[in-house]
Every structure is written in structure tokens, then in C-alpha cells.
Amino acid sequence: MARIDVLMPQMGESIAEGTLSKWLKKLGDEVKRDEPLFEISTDKVDAEIPAPAAGKLVEIKVQEGQTVPVQTLVAVLETDKGAAVTAVTAVTAASAAAPAAQKAEPPPSAPVRPSPPPSVPVSAPVAKGDGTETAEERLRRKSTPLVRKIAAEHQVDISTIPGTGFAGRVTKNDILGFIERAPAAGAAAVRPSPPPSGPVVHPTVEAWPGDRVEPMSKIRKITADHMIQSRRTSAHVTSFFEVDYSRIAELRARHKASYTERGANLTYLAFIAKACAEQLRAHPVVNSAVSGDTIIYRHDINVGIAVALEWGLIVPVIKHADELSLMGLSRAINDLGERARTKKLSPDEIQRGTFTITNPGVFGSYAGAPIINQPQVAILGVGTIEKRPKVITLPDRTDTIAIRVMGMISMSYDHRVVDGADADRFLADVKKALQEFPEGAV
């Protein structure tokens, strides 16, 4: 028999740690290779991690709720020798959980793989004399997005800061402590800049007798912090438009069966995503981002679709959405939503969004004012779509009341760069595109 070490995988280059949220197997259980072994939660994505080999779970080193650096020993499997050798050369747990779309990206800075049995020697990474970065050096330089943001705001060179994180990685506490100490030490690495908003501090509230107190999950804590940071960052304004979806309802009735036969669900959301993707190209400021005192007009149109989960909210991203047909968007929305619910998304699939759509209307909400998904500058909210009485004008210019399929759309936007006229022109064009959707585009 041989033993296989199961390590905390690195789910993306900028991720240095993960929280083991749930064990899917118990001590002593037999597991098959690639069978889900445990769930992890990072600051990018939740995912199920498969077993690197078949065997018995004989040791659990990290308990549920613990947060540990990548490459930390999580568990030990006992397996036969042949399976152990196969596991050494197998695809890592992190890459097995990620789709083929990530294979074109550069390999992670510190690739994660099961440790081989003692008979197979493994060399520890060492500094190279030719100037090439080691995995540890690259991991330290990359840091996390939050740390790099703070460093940029204060014009701090991260490489000058002693790091206490994994492989010497500079953590948020490291850089905040460095900035606080810099004036007293006379350090020249920090130059005056606008004060940061600072980490989010949530006030404490007294629990009363009979109350149930539960710690926030990783994804809930991240969502809470991001929402507060977004409100601090952007000047939120929301505009509302009413849309007559009767044209879309007719098209869905005619084509839904054929879409189902081809494995796609033709939803109102697909039509809305199609209209938004096309109009974002015509209204580039809505597809932009703010960087200091500059505006970045994104070339790519990557539409995020918010998905409500039992354990929180996640926003998978449809890359190059403007290049997809209605069928392509329908399949992408269905696929990403399903994999979000089954924790099969990779970090790459929830990053690099340029515009977000959230659909609280599925729960019956008439309209809402969503919070912008940073660093984007706009987010579209979709209200419930239902039959309502509507005053319409007939060809002879007389008015009558008719039953129409109606719904509200709203858009919260960052008034620092998006003026009300810009937002309303965009929404007016989205409304027109939906109400005059061409048959040939279905």
C-alpha cells in the first residue's frame, strides 16, 4: 500500500489560500479517482475538489471552516502502489476542476500536485542564478488584487515589504502595517496620495436570548465587503424603463421547442443579454471602468449574469457576448448557471466582466436598484415579466387598453463617468431592441 498526499489546490494565479468549506467524504471512506472529495471556497470561486487517486481516506488534516495556504496538506489517501504512481503524473486537482478554456493561459505560479510516495524524490524549488523567478518569488510578487490596489494607491513597491503570508507573500495586514509605520520610519517608499477607503469593518450587534448566531460563509463575507466597497467607490444613480415584451413572448412561443430540441432554454434573459451586448458596443462608456483619474473603455464585451445560490451570490461571465448568437447566449447562460449551482466554475469564469445583469424578477420583484459590480460602471436589473393592462395607440390614433406582456428594467450606473443622458440613451436603445427584435435573429 502507498500513501497519497492531498493538497490545497491553487485555483488561479492570484489566489494564495482557500477555505475548506465541506468534506464530502468521511474518514475511512473509499473514494474513486476524480470523485469529489471536499469543497473549497476562495475569494474568487467555490469548487468541488476531486480525489487525485482511488483509495481510502485515512487522514484528515484540515477541518471544515479552516483557511490554509495553497499546497497545505489537507488529507491522506491510502492506495495501492500503481495508483500512487499514476497520481503523481496525473492532472492536478485544480486543473481538473477548471475547464479546458483555461489551458491557453500561462501555468500557475505554484502548480499543485499530489505529493509522490517516499520512493519518488521531489526537489524543492530553489532560486535560479540566471535571473528566472522561482515559484515562491513569483507568488510573492503577484500578491492579491486587494494588496496591489492598496500598493498602487500609496505608490508602494510591494517587493520592499517583508511578507508574512505563504512563500513570503505580502498580505493585506503586511501592507497596511507598512504604510502606518512608514511616516515614523521616514520611509521614502510611500508618497502622499488620497487616503484609501480602508478595509470594511462591520459593526457588532448584541445577540439576544433565543437568537441563533452563525458565522458568515466565505462567499457571504466577500459579498458583504464588496457591496460596501462598491457603495463607497461609485456615485450610484439608477434609471428605470418599462419594456413591452409582447414581441419577445411571441418569438419565444414560436421557437422555444426548437431551442429545447437543440439543448438550449430560450428565456427572456437570453433576449435581454443579446440586446445589452449589442448596445454596449454603441455606448462604450457603459462598458468602461474607472482607474484613478482615467477612464478605461473596454474593448471586450463580457457580460456577467448574477446567479442566486442557496449559499450566496456569484456572477459567472460570458466572454465576448456580442459575438454570440441568441442560441449561443442561451447555451452559455444555461451552462454557467448550472455549473455555478454545482460548484463547477473555474476562477477565470467569474473574472474580467465588463457589464452585469441581475434578474431579481424571477422571484417576483417589480423593479430594483442593484449595486454596481466593481470595477464596472453599470449593472442592469430585470424586474418580473407578466401580463399587465397597457394603454396603446391604434393605427387610427385612438387609444385603447390592451393586455400586454410587460416588465421593468433598471440600471444603476456610476455617475462619476456615466451621465444620466448616457444611461437613458443606452436603456432606450435596449428597450427598442427588445420591442423590435427581428425574427431572423432568433
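Ser330 counts as buried because its relative accessibility is 1%, where buried means under 20% relative accessible area, with a 1.4 Å probe and protein chains only. The model is predicted, so that local features need pLDDT of at least 70 and side-chain atom pairs count only at pLDDT 80 or more, while totals for chains, interfaces and linings use all residues. Residues are numbered from 1 along each chain as its sequence is written, and side-chain values use heavy atoms, with hydrogens and water left out.

Ser330 belongs to helix 9 (residues 326-341); helices are DSSP runs of H or I with at least four residues, numbered from the N terminus. Leaving aside residues up to four places away in sequence, Ser330 touches Tyr259, Ala264, Asn265, Leu266 and Ala270, a contact being heavy atoms within 4.5 Å.

Ala270 is also one of the buried residues of helix 8. Twelve of the 15 residues of helix 8 are buried, so this helix is largely enclosed by the rest of the structure. Its expected span is 1.5 Å times one less than its number of residues, and the value for helix 8 (residues 268-282) agrees with the distance between its end C-alpha atoms.

Helix 8 packs against helix 10 (residues 420-435) at an angle of about 130°, with the axes 9 Å apart. Helix 8 is therefore oblique to helix 10. The contact involves Phe271, Ile272, Ala275, Cys276, Gln279 and Leu280 of helix 8 and Phe426, Asp429, Val430, Ala433 and Leu434 of helix 10.

Conventions: Helices (H or I, at least four residues) and strands (E, at least two) are DSSP runs, numbered from the N terminus. Buried means under 20% relative accessible area, exposed over 50%, partly exposed in between (1.4 Å probe, protein chains only). Axes are lines fitted to C-alpha atoms, for helices over the stretch in contact, and angles run from 0 to 180 degrees between N-to-C directions. Angles under 35 degrees count as roughly parallel, over 145 as roughly antiparallel, 65 to 115 as roughly perpendicular and the rest as oblique.
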